[in-house]
Amino acid sequence: MGIKGLDDLSKKLDQLANNARDLGNTSSASLTDILTPEFLSRHTRFANADEFFEASGFDVSDQAAFEAIPEDKFDAFVRSVSSFSSWREMLNSAGAEWAKRKLGF
């Protein structure tokens, strides 16, 4: 690898380090940040998070209401509208994609 190749690699590594630092500084991402329209349209029949949650029939008007949803019932909804076996599996997949985007992959 020549000097130009090393310089390019160094710049890419610096950018990755900056992106990782920014990701670490993110206190939290909202569900609508993580459940992007692109993710939902690939994995469900819904165009966005609002449609997804509205179709669930559960009260998601605030954090407390969302946390009160019985996990098994929400998992059943997720299974019925996606290829995921649970809400946690779907959220983990969406979160991994979100993190990759934030890191610049």
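Predicted model: local features only at pLDDT ≥ 70, side-chain atom pairs only at ≥ 80, totals over all residues.
**Figure 1. Overview of the protein chain.** Read along the sequence, the protein chain follows the pattern α-α-α-α-α-α-α. Residues are numbered from 1 along each chain as its sequence is written, and side-chain values use heavy atoms, with hydrogens and water left out. Of the 105 residues in the protein chain, 28% are buried (buried, under 20% relative accessible area; exposed, over 50%; partly exposed, in between; 1.4 Å probe, protein chains only). Among contacts with a separation of 6 or more, 53% join residues 24 or more positions apart; contact means heavy atoms within 4.5 Å.

**Figure 2. The salt bridge between E97 and R42.** The closest N and O atoms of E97 and R42 are 2.4 Å apart. E97 lies in helix α7 (residues 87–103) and R42 in helix α3 (residues 37–43), so the pair ties together parts that are 55 residues apart in sequence. The count for the model is one salt bridge, defined as a side-chain nitrogen of Lys or Arg within 4 Å of a carboxyl oxygen of Asp or Glu. E97 is partly exposed, at a relative accessible area of 24%.

**Figure 3. Helix α7 and its buried side.** The 17 residues of α7 reach 24 Å from first C-alpha to last, close to the 24 Å expected at 1.5 Å a residue (expected span, 1.5 Å times one less than the number of residues). Buried in α7 are W87, M90, L91, A94, G95 and W98. They cover an arc of only 130° around the axis, which puts them on the same side of α7; the arc is that of the directions from the helix axis to the C-beta atoms. Just after α7, G104 has a positive phi of about 90°.

**Figure 4. The two sides of helix α6.** F74, D75, F77, V78 and V81 of α6 are buried. Their arc around the axis is only 160°, which puts them on the same side of α6. D72 and S80 are exposed on the other side of the helix. The buried residues of α6 pack against α3, α4 (49–56), α5 (63–67) and α7.

**Figure 5. The contact of α6 with α7.** The axes of α6 (residues 71–81) and α7 come within 8 Å and cross at roughly 60°. Axes are lines fitted to C-alpha atoms, for helices over the stretch in contact, with angles from 0 to 180 degrees between N-to-C directions. F74, D75 and V78 in α6 meet W87, R88 and M90 in α7. The residues of this contact divide into four nonpolar, no polar and two charged (nonpolar: Ala, Val, Leu, Ile, Met, Phe, Trp, Tyr, Cys and Pro; charged: Asp, Glu, Lys and Arg; polar: the others, Gly among them).

**Figure 6. F84 in the loop between α6 and α7**. F84 counts as buried at 8% relative accessibility. Leaving aside neighbours within four places in sequence, F84 is in contact with F39, H43, V78, R79, E89, M90 and S93. T44 is 40 residues from F84 along the chain, and their C-alpha atoms are separated by 9.6 Å.

Methods: Helix = DSSP H or I, 4+ residues; strand = E, 2+ residues; numbered from the N terminus.
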